[in-house]
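Welcome! Here is a short tour for someone meeting this protein for the first time. Have a look at the structure, and then we will go through it topic by topic.

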Amino acid sequence: MDSPFAVPGNDRRFVAAARDLAPQFAARADAHDHEATLPVDNLTALHAAGLDMAAMPEERGGSGMSYQALGEILRIVGKACPATACIWTMHLGAAQALVSFGPPRYADALRAGERFANALSEPSGGNRFLMPLQHAEPADGGYVLDGAKRFVSGCEIADHFLVNALVDDVPAFFGVDRDDSVEMVPIWDSMGLRGTRSQLLNFRGTLLRAENRAHMVDPLAPNIIGLGLPWLSIGIAEAALDALTDHARTRIVPGTGAPVGAMQWVQFDAADSHVKLLAARTLAERAMWLADRKDPGCLPAAMEAKLYANQVAKEIAEFGLRVGGGSGFLRTSPIQRHFRDAQAGALMAFSVEVCRDMIGKGLMEGTGA
Ligand SMILES: Cc1cc2nc3c(=O)[nH]c(=O)nc-3n(C[C@H](O)[C@H](O)[C@H](O)COP(=O)(O)OP(=O)(O)OC[C@H]3O[C@@H](n4cnc5c(N)ncnc54)[C@H](O)[C@@H]3O)c2cc1C
């Protein structure tokens, strides 16, 4: 019997397309990590498979793919190459805002293969990325921004940035085409998700054009980034569990003649990892199910799913390091990359601490859950 969270029949072709691409993404993931290179071929392949427009609303020429299918695709891509999944989530999230709430030209740009990036986080704003501190001043044709945004995944290949700033003391979102006023500062020599090349951007007198404003009625309505991020951690956790299982089945414990996987502590932790991963996935599927029904509870549900998925990914990746021993500590082992990549989800907004703070406060004050 199908799960109530199964991907709708019409969207299974999109999931199949992602499944076909995954082996080639996985084959290049170590190289992109080691050399900190952008997985441009992977992103181009996702576009060529029709998956960029699939996620856009039908009234703007997209396929209106379900969130349930999007989650499944992000899981598959995130397991194969998490840097690709991260950049693609940000690309789709920025495109969704501009295609849905900006001028029609953004749908044409996305269809043509142009690239989008999210430039929302401010150096002094951290997790408060939806509440910018930087003001844009009125100017001919719109507003001018002098400021900076940090950790903009995939910015070096982006044609359009989704940027927010205070306009008349209220957060406002704009599409900004790449031009000479946008300077890239190469800060991204990171511990994990190295292929995302999430650099700092300086905006020097950049014009936020009035006609490129995204008139979002409700920035807290279902959106690809809030709903998609749990899946990035689920993909990484699955990759980590597979890698440690391979090692545990083949590595013989010196002096015993038996594989690492025959030890009871490994079997106990493997069982816990498996069940926690199932639970994380079910929470994330529930959030997608609510989003597909436009239920306002979908973003709180996604926050619960993100909190759990981020923590489970870190736990399983750490278990992998214990199972791998010295072999897993070597750069030649996938175990160490999964461990480094698993840290990122918990840092990305809303961080694990912020999620715990918001969920816990709601519980104690009787306003949440
Ligand atoms: C791999 C990666 C890719 C990213 N890609 C993008 C992107 O494409 N576009 C973009 O705009 N941003 C991006 N970001 C930024 C990201 O989403 C966060 O906004 C940013 O990492 C948070 O800021 P900070 O790291 O400076 O942490 P801070 O907010 O300074 O937090 C520091 C510490 O304080 C804790 N903390 C902060 N506030 C609270 C609170 N209220 N309660 C309890 N604890 C709190 C945090 O959990 C953390 O432990 C990316 C980040 C990463 C790591």
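How many salt bridges does a search of the whole structure find? The search turns up 23 salt bridges. Please keep in mind that this is a predicted model. The protein chain is divided into three parts: domain 1 covers 9-115, domain 2 covers 117-214 and domain 3 covers 224-365.

**A salt bridge to look for**

- Lys-79 and Asp-242 meet through their side chains in a salt bridge, at 3.0 Å from N to O.
- Lys-79 belongs to helix H4 (residues 67-80) and Asp-242 to helix H7 (residues 224-250), so this pair ties together parts that are 163 residues apart in sequence.
- Side chains of opposite charge can pair when their charged atoms come close.

**Where domain 2 meets domain 3**

- The centres of domain 2 and domain 3, taken over C-alpha atoms, are separated by 30 Å.
- Seven residues of domain 2 are in contact with 10 residues of domain 3.
- About 800 Å² is buried between domain 2 and domain 3, and carbon and sulfur atoms give 69% of that area.
- On the domain 2 side, Asn-127, Met-191 and Leu-193 lose the most area to domain 3, together accounting for 66% of what that side buries.
- Across this interface of domain 2 and domain 3 there are zero salt bridges, but three residue pairs are in polar contact.
- Sorted by class, the side of domain 2 that touches domain 3 has three nonpolar, three polar and one charged residues.

**Strands around S7**

- Strand S3 (residues 142-152) and strand S7 (residues 199-209) run antiparallel and are joined by eight bridges.
- To find this pairing, look for Ala-148, which stands opposite Asn-202 in S7.
- Strand S6 (residues 182-185) also runs antiparallel to S7, with four bridges joining them.
- Here Met-184 has Leu-201 of S7 as its bridge partner.

**An open sheet of four strands**

- Four strands, in the order S1-S4-S5-S8, form an open sheet with mixed pairing.
- Strand S1 (116-119) and strand S8 (213-214) stand at the edges with a single partner strand each, so one side of each is left without a neighbour in the sheet.
- S1 runs parallel to strand S4 (residues 160-167), and four bridges join the two.
- Strands of a sheet pair through backbone hydrogen bonds, either parallel or antiparallel.

Note on methods:
Residues are numbered from 1 along each chain as its sequence is written. This is a predicted model: local features need pLDDT of at least 70, side-chain atom pairs count only at pLDDT 80 or more; totals for chains, interfaces and linings use all residues. Side-chain values use heavy atoms; hydrogens and water are left out. Domain bounds come from an automatic or database domain assignment. Contact means heavy atoms within 4.5 Å. Buried area is the accessible area (1.4 Å probe) that two parts lose on being put together, summed over both. A salt bridge is a side-chain nitrogen of Lys or Arg within 4 Å of a carboxyl oxygen of Asp or Glu. A polar contact is a pair of N or O atoms within 3.5 Å; within protein, one must be able to donate a hydrogen and the other to accept it, and residues adjacent in sequence count only if both atoms are side-chain atoms. Ala, Val, Leu, Ile, Met, Phe, Trp, Tyr, Cys and Pro count as nonpolar, Asp, Glu, Lys and Arg as charged, and the others, Gly among them, as polar. Two strands pair if DSSP finds at least two bridges between them.
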